[in-house]
Amino acid sequence: MSGINMDALRARLSELKEATEQRAFWTPAQGSNRVRIMPPWNELGKIHTEAWVHWGLGETGRQMTFCPLKNKVGPCYVCEQVALLKASTKQVDLELAQRLTPNLRVMFNVVDRAAPEKGVQIWGTGIANLREIMSLIADPQWGDITDSEAGVNLVIERTGTNLGTRYTIRPERQPSPLDKSWLSQLHDLDAMVVHKTYDELKVMYDAGRRSGGGDEGDPTVGVPTIAPTRHTPVQVPAASASTSATVDVPDCYSLWNDANDPICKGCALFQPCANATTARQAKAAYVAPDGVVRKAVG
Ligand SMILES: [Zn+2]
């Protein structure tokens, strides 16, 4: 008797929920857009939130999800696959690894001046636009462009498509007061950063690879064919863009964990790795550099 595939069901449910939430998201149209960046949604004074994300996942091969590893909340199946792909000798694997490497994503509350009836929407964008907007606010000539009375609209020009998409941002001269009803519609942007479980990420990753996920149709793409090299360091920038600290995540992270293994004993990530490995112990198998397959029991 076969039961329901609960992992697949939960992942699909999560995708359906996301599709509903997408209505709250704003995307700049090609050409010129007029938008108002909204003031802080709580007393902490933040106008944006930022988090690391993976692209190229899910049934469409185009979905985004937050990266638990880079955001320092837990293990990430996608990052493990990226580490394996980076160890491959195939160009397609290396290109896929590049596409799946996490990016820093920024979110703002905005009102589209061309569609004010949609109320407050969420603009998800990259770090370059955050830098532009922060530079404006830090410039005494402009100051707090989000102020409900004295703030100004931004004109955002979008050109190009996909990886060639470019933005230019400039503020309008005249203040543009906000409709007070919008201030009660501000989204808690920190609450938008919701991480999927390790197993949900696996389902999303596998679905993305089945869909092609933007590759050239090679069915072996995304299925690493060689064992990882133990302790090849992977440089992982810190979660905050404002610091330059790095941590080394070995390629074997969460794939194998043994308190009696001399390499594990000396590893700074032993405990989080142990937790991650236990969570998936039934499936864990690690091919050591000597070719010996170690299969976890439990
Ligand atoms: Zn990740």
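**Exercise 1.** Which residues in helix 2 meet which residues in helix 6? Then work out how the two helices are oriented to each other.

*Solution.* Bear in mind that this is a predicted model.

- Step 1: start with the contact itself. From helix 2 come Tyr77, Val78 and Gln81, and they meet Tyr198, Leu201, Lys202 and Tyr205 of helix 6.
- Step 2: sort those residues by type. The contact has five nonpolar residues, one polar and one charged.
- Step 3: get the geometry. Helix 2 covers residues 77–86 and helix 6 covers residues 198–210; their axes are 8 Å apart, at an angle of about 55 degrees.
- Step 4: name the arrangement. Angles under 35 degrees would be roughly parallel, and 65 to 115 roughly perpendicular, so helix 2 and helix 6 come out as oblique to each other.

**Exercise 2.** Check whether the length of helix 6 fits its residue count, then list its buried residues.

*Solution.*

- Step 1: helix 6 has 13 residues, and at 1.5 Å a residue they should span 18 Å.
- Step 2: compare that with the model. The end C-alpha atoms of helix 6 are 19 Å apart, which agrees.
- Step 3: pick out the buried positions. In helix 6 these are Leu201, Val203, Met204, Tyr205, Ala207, Gly208 and Arg209.

**Exercise 3.** Find what builds the largest nonpolar core, and trace the contacts of Val78.

*Solution.*

- Step 1: this core has 22 residues, and the members touching the most others are Cys67, Cys76, Val78, Cys79 and Met204.
- Step 2: ask where the core residues come from. Strand 3 (48–57), helix 2, helix 3 (91–100) and helix 6 each put in at least two. Helix 2 gives the largest share, seven residues.
- Step 3: zoom in on Val78. Leaving out residues up to four places away in sequence, Val78 touches His54, Cys67, Leu100, Leu201 and Tyr205.
- Step 4: look beyond this core. Another one, of 19 residues, lies apart from it and includes Ile37, Ile47, Val110 and Ile156.

**Exercise 4.** Locate Lys72, describe its backbone, and decide how exposed Lys72 is.

*Solution.*

- Step 1: Lys72 sits in the loop between strand 4 (63–66) and helix 2.
- Step 2: its phi is near 60 degrees, a positive value in a residue that isn't glycine.
- Step 3: count neighbours. Lys72 has 14 other C-beta atoms within 10 Å. Buried takes 20 or more and exposed 12 or fewer, so Lys72 is partly exposed.

Methods
Residues numbered from 1 in each chain as written. Predicted model: local features only at pLDDT ≥ 70, side-chain atom pairs only at ≥ 80, totals over all residues. Axes fitted to C-alpha atoms, helices over the stretch in contact; angles between N-to-C directions. Helix = DSSP H or I, 4+ residues; strand = E, 2+ residues; numbered from the N terminus. Parallel < 35°, antiparallel > 145°, perpendicular 65-115°, else oblique. Contact = placed C-beta atoms within 7 Å. Nonpolar A, V, L, I, M, F, W, Y, C, P; charged D, E, K, R; others polar. Core = buried A, V, L, I, M, F, W, Y, C linked by C-beta atoms within 7 Å. Expected span 1.5 Å × (residues − 1).
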